[in-house]
Amino acid sequence: MTSTKQGADIGVYGLGTMGSALALNLAENGFDVAVSNREPEWIDDFINEAGALAGRLHGTPELEDFVQAIARPRSILFMIPSGAPMDAMIKAVTPYLDEGDTLIDGGNADFNATRRRSADLDGTGLHFVGMGVSGGAEGARKGPSMMVGGTAHSWAQLRPMAEAIAAKFEGDPCVDHLGPDGAGHFVKTVHNGIEYADMQMIAEVYGILRDAADLPAAKIGALFERWQEGPLSSYLIEVSAAALQSTDAKTGKPMVDVIRDQAGQKGTGRWTLIEALKMGQSASTIEAAVGARGWSSEKDTRVMAEPLLPAGTQDASVPSEDDLEMALLAGRILGHAQGFRILAAASDEFSWDLDFARISEIWRAGCIIRSSLLDDLSDAFRNELPACHLILAPRLRTRLESSIPALRRVVAAAVTSGVAVPALAAALGWYDSMRRGRGTANLVQAQRDFFGHHGFERTDEDGGKHHGDWNSLSPS
Ligand code: 6PG
């Protein structure tokens with residue numbers, strides 16, 4: 001420990017992939033880091049492998065010693081599984097803490113739990129921060145994007161370290177304090193929802209190229225690599241291109257061709273939907289993506305169904321590569337717009353006053369959904385329109401004008417040839433619903449009133465609850 005300070009600048013507890021990468025990133029940026037782990041034998045291994053950074057890492061197997069090794073007011077970052085382990089850790093560590101100390105949960109936690117934990121510590125002099133960290137292991141080591149919640153006190157403490165280790169977009173650190181209690185974790189959850197939608201839409205375009213155009217993986221990867229030079233430029237296109245062009249050393253086959261088509265999920269996509277629905281929102285592209293992961297896990301049923309269920313397909317043309325590129329761009333814009341509507345609803349519901357321009361800005365580097373589109377979104381939020389109207393912002397409308405026709409052609413071709421495109425179709429369905437001043441909910445209201453006397457508003461009167469002069473059903 002350096003002699004000028006009364007301890008380490010920060011503590012990192014949990015030396016798994018993300019925790020160890022963040023501890024090394026902090027050390028590399030000149031911070032002294034106390035480190036600890038539930039399995040104490042990991043600590044020495046971690047420090048021994050840290051090379052030149054080992055001098056800044058201070059291993060402390062006992063929880064009390066770990067806390068005492070950190071300068072006050074303490075910042076303690078926990079990179080441990082979310083849920084019960086976090087509650088148990090708060091209970092275990094609290095007796096060793098002092099007024100002004102901040103506990104930071106850097107995992108993907110349910111923001112409701114973060115709000116509860118913040119409320120529990122309210123008035124105790126201790127602080128709780130839910131911090132979303134995006135970018136995977138490489139991001140955590142070289143520069144993640146971080147979405148910070150909690151109190152202003154904690155942010156003042158954490159800020160110099162967070163800004164130092166964050167990814168930079170043209171010099172701007174991709175981290176900010178987004179609001180109190182669960183705001184950081186909520187924004188990270190929605191980030192992941194958008195991530196799910198984008199990944200699914202890329203996979204759907206891959207499906208069209210593989211199953212309708214009969215292209216081998218490497219060719220699809222090469223096409224994605226070319227798209228990386230255009231408006232789709234993004235981390236997810238980049239990794240998809242690289243993954244599709246990778247070869248399995250064991251069989252010599254394309255890597256993707258030896259991977260079982262059954263997607264895992266840890267829950268953040270589902271949380272996005274649950275919270276959206278609770279607030280009366282619908283994020284259909286995200287829902288399609290979560291649903292598609294669910295269906296993918298029914299592998300045995302799908303294999304059984306394949307020879308049994310008729311496709312009922314008609315002749316269909318394969319969309320052009322340009323159309324596929326533009327369709328994906330339209331889907332990405334609509335997926336992001338739906339994500340920001342959820343953020344807008346939560347900002348109102350929890351009085352967070354979220355800054356949507358800033359959120360777009362801190363997503364421009366370091367995180368999984370980083371893309372050139374986010375630059376447009378931040379400009380739109382700064383200079384054009386509020387969140388719930390993102391698709392009405394002039395620069396987004398211009399982009400949609402040139403990409404929606406392609407999305408229509410791609411969805412139509414996929415539907416007629418029997419290739420599943422649930423997320424792209426959902427994006428288009430939402431777009432078509434939102435661009436019509438007169439929808440079809442008048443009939444839904446009529447049905448509700450007919451069978452349930454639920455009432456409706458009239459188009460020719462303000463407010464009020466009316467009932468219809470319904471014809472009775474003919475006796476059956
Ligand atoms: C990120 C990622 C990261 C991780 C999630 C998604 O922003 O770095 O979102 O948090 O990939 O765990 O996980 P699932 O796909 O397993 O739900």
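The model is predicted, so local features need pLDDT of at least 70, side-chain atom pairs count only at pLDDT 80 or more, and totals for chains, interfaces and linings use all residues. Residues are numbered from 1 along each chain as its sequence is written, and side-chain values use heavy atoms, with hydrogens and water left out.

Helices (H or I, at least four residues) and strands (E, at least two) are DSSP runs, numbered from the N terminus. An open sheet is built from 8 strands. Their order is β3-β2-β1-β4-β5-β6-β7-β10, and the pairing is mixed. Two strands pair if DSSP finds at least two bridges between them. The edge strands, β3 (57-59) and β10 (175-177), each pair on one side only. From one strand to the next, the twist averages 25 degrees. Axes are lines fitted to C-alpha atoms, for helices over the stretch in contact, and angles run from 0 to 180 degrees between N-to-C directions. Strands of a sheet pair through backbone hydrogen bonds, either parallel or antiparallel.

Strand β1 and strand β2 (residues 33-36) pair in the parallel sense, over 4 bridges. Within this pairing, Gly 11 has Ala 34 of β2 as its bridge partner. Ile 10 and Val 12 point one way from β1, while Gly 11 and Tyr 13 point the other way. All four are buried (under 20% relative accessible area; exposed is over 50%, partly exposed in between; 1.4 Å probe, protein chains only). Helix α2 (residues 41-48) lies across β2 and β3 and runs at about 155 degrees to β3.

The structure holds 14 aromatic pairs. Rings of Phe, Tyr and Trp (its six-membered ring) pair if their centres lie within 6.5 Å; planes under 30 degrees apart count as stacked, over 60 as edge-to-face and the rest as tilted. Tyr 13 and Phe 78 form a tilted pair, 5.9 Å centre to centre with 45 degrees between the planes. This pair links distant parts of the chain: Tyr 13 is in strand β1 (residues 10-13) and Phe 78 in strand β4 (residues 75-78), 65 residues apart. Both Tyr 13 and Phe 78 are buried. Phe 224 and Trp 227 form a stacked pair, with 5.2 Å between centres and 25 degrees between the planes. These two residues are 3 apart in helix α9 (residues 217-227), so about one helical turn separates Phe 224 from Trp 227. Phe 224 is buried, at a relative accessible area of 1%. Trp 227 is buried too, at 3%. Ring pairs also link Phe 111, Phe 186, Phe 350 and Trp 352 into a cluster.

Helix α12 (residues 284-296) has 13 residues. From first C-alpha to last it reaches 18 Å, close to the 18 Å expected at 1.5 Å a residue (1.5 Å times one less than the number of residues). Its buried residues include Ile 286, Val 290 and Arg 293. The buried residues of α12 pack against α8 (183-212), α11 (268-278), α13 (299-305), α14 (321-349) and α18 (422-434).

Ser 234 is found in the loop between α9 and α10 (235-244). Ser 234 is buried, with a relative accessible area of 5%. Leaving aside neighbours within four places in sequence, Ser 234 is in contact (heavy atoms within 4.5 Å) with Gln 228, Arg 332, Arg 370 and Ser 371.
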